[in-house]
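Today I am looking up aromatic rings.

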Amino acid sequence: MRRIRANAIAILTVAWILGTFYYLWQDNKPQSSPSSSASQTRAFKHTMLCPLQVTQPPRTEQQGQLLGGFDEKAYLVGKQLKPGDDPYREHAFNLQESDRLGSERAIRDTRHYRCASLNYDTDLPATSIIITFHNEARSTLLRTIKSVLMRSPPSLIQEIILIDDFSSDPEDCQLLSQIPKVRCLRNGRREGLIRSRVRGANTASASILTFLDSHCEVNTDWLQPMIQRVKEDHTRVVSPIIDVISLDNFAYLAASADLRGGFDWSLHFKWEQIPIEQKMARSDPTQSIRTPVIAGGIFVMDKSWFNHLGQYDTHMDIWGGENFELSFRVWMCGGSLEILPCSRVGHVFRKRHPYDFPEGNALTYIKNTRRAAEVWMDEYKQYYYSARPSAQGKAFGSIADRLTLRRKLNCKPFRWYMENVYPELRVPEQEAVSSVLKQGGLCLETRGLSPQVSFLCVLQRWELIEPLIRQQDLCLAISAFTAGSKVKMEPCNTKEPRQKWKPKGTALQHMVSGLCLDSQTPTGPPVITQCRPQMASQSWEPQVIT
Ligand code: LR7
Ligand code: MN
């Protein structure tokens, strides 16, 4: 009895081992037509059986699934660094290191650990990935594409559209179109990244657009958080945290999760700390981060929203400035920009452009940023010109179409953007001009804390530093917000609404009440009344006294 039982156990054990081997053999056997859902189920079964092996499924099978008939070895070997060549020369990064890595590699999941437990809708819409490039290295370009195919749910990738911006070798792009889902469009002449992206967007068939630079590696679950946010509200334009791929050794380095996009008045992009109040209010590290501008290269946007907002300014050339133009436009015309900490994409940051600018680098940047400033920055563009005096007088083409677009979309003024989106951007201190405020033969003067209009004109000087009208430490303030209220002098405080004025022709308008400083007739104490800038009693001509 005991022997029979022992035999039965032995037979069952052998059968179980054989069965397991057969199962694994079946699993690794190349399939004639692997469908993505079938391969997913296989990967899942695999996980159940031998969890140690799942992260690295056999190479042949993986390649078969992802790359179709594409021969990646031949592609990479077709263009490699020649012995003795400077590995930085052509791409401004270490090509030798990039080539050594090959077409794919494992990278560290740099997200906050809480991101891994978030759930996303199962019916997220698919996206068209748009990658434009000019003379990109084959290894970085292929790694970008493969990382997308490997680290995105296949159902979310409708297609990958490559726009070859007139690279020297058309095969860099053409050969890649053998990879399933990859399409290649080649420009007949160098267009620059802006027009190239528009071309890509115009042929995209998915309802959501995803833009990537041509030297990226996307990280675990990078896509779902972004598509989810855009699905919930199509006016959101979202970007990932952009991790750093070292241009020297290609190490993948986590970027700080406390940064957002900002700029200075010369329209130079910079990463900056989230304002401290916002940082304190953030209890959930997976929450989105509002950003005044995006870096520009890596973002997800609803296609019809992209089209509705006027795509890009296609009169911008080659590189630069389009990220400001898009960012101002999105915020001022009813959308929002955010960075999603649970989405991470690595990017090779470089120190110089590895390609030429037909019109020169500086002139192109000025042309593009000038267009952005002229169309979107209203009176604030003066600070751009002060910060970049060389921009004055440089050609920037016609902006009529973009101004029409702005009017048609009924976008808010730049002042609104400054006050609501980027109040941290300080307006430069204006140079204090000390002048007498004259009204015909009369002058605005003070006696103690009471302003008066005096025919004596003892040459009391005022400093007009928007929004204040000051004499030493005292500022002109209204006593109440209603018409007819007197004005008085009080200690200056830029935050005090009663002290905020701005010039309106030769009149001085109180910003909050909208009323103007009026001397009344004939020489009574000054008050605020309905603005009628043509009236003599509201005209205050600053006369600089040297
Ligand atoms: O003529 C050109 N044609 C192109 O197709 C010039 C460039 N390109 C391609 C190029 O191959 C690359 O794929 O356009 C892409 C961007 O050019 P890069 O990588 O030389 O520029 P960058 O990484 O310094 O540029 C950042 O700012 C640009 C301003 O125009 C763009 O918005 C880039 O997309 C943007 N990159 C990112 O946001 C990634 C994060 C870097 C930061 C900050
Ligand atoms: Mn780049």
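First, my working definition: rings of Phe, Tyr and Trp pair if their centres lie within 6.5 Å. The model is predicted.

**Entry: the cluster.** I looked for a group of rings. Phe263, Trp265, Phe324, Phe328, Tyr380, Tyr383, Phe414, Tyr417 and Tyr422 form one aromatic cluster.

**Entry: the count.** How many aromatic pairs does the structure hold? I found 20. I picked out Phe324 and Phe328, whose rings are 6.3 Å apart, centre to centre. Their planes make an angle of 35 degrees.

**Entry: one helix.** Why are Phe324 and Phe328 separated by about one helical turn? Both sit in helix α12 (residues 322–332), and they are four residues apart, which means about one helical turn between them. I also checked burial: Phe324 is buried, and Phe328 is buried too.

**Entry: a link across the chain.** Next I took Tyr380 and Phe414, another tilted pair. Their centres are 5.6 Å apart, with 55 degrees between the planes. Where do these two residues lie? Tyr380 is in the loop between α13 (361–376) and α14 (381–387). Phe414 belongs to helix α16 (residues 414–420). I counted them as 34 residues apart, so this pair links distant parts of the chain. Buried or exposed, I asked of Tyr380 and Phe414? Both are buried.

**Entry: charges over rings.** I then turned to Lys and Arg. The charged end of Lys412 sits over the ring of Trp416, 4.3 Å from the ring centre. Arg138 has its charged end over the ring of Tyr75, at 4.5 Å from the centre.

How values were computed. Residues numbered from 1 in each chain as written. Chains lettered and ligands numbered in written order. Predicted model: local features only at pLDDT ≥ 70, side-chain atom pairs only at ≥ 80, totals over all residues. Heavy atoms only, no water. Phe/Tyr/Trp six-rings, centres within 6.5 Å; stacked < 30°, edge-to-face > 60°. Buried < 20%, exposed > 50% of the residue type's maximum accessible area, 1.4 Å probe, protein only. Lys NZ or Arg CZ within 6 Å of the ring centre and 35° of its normal.
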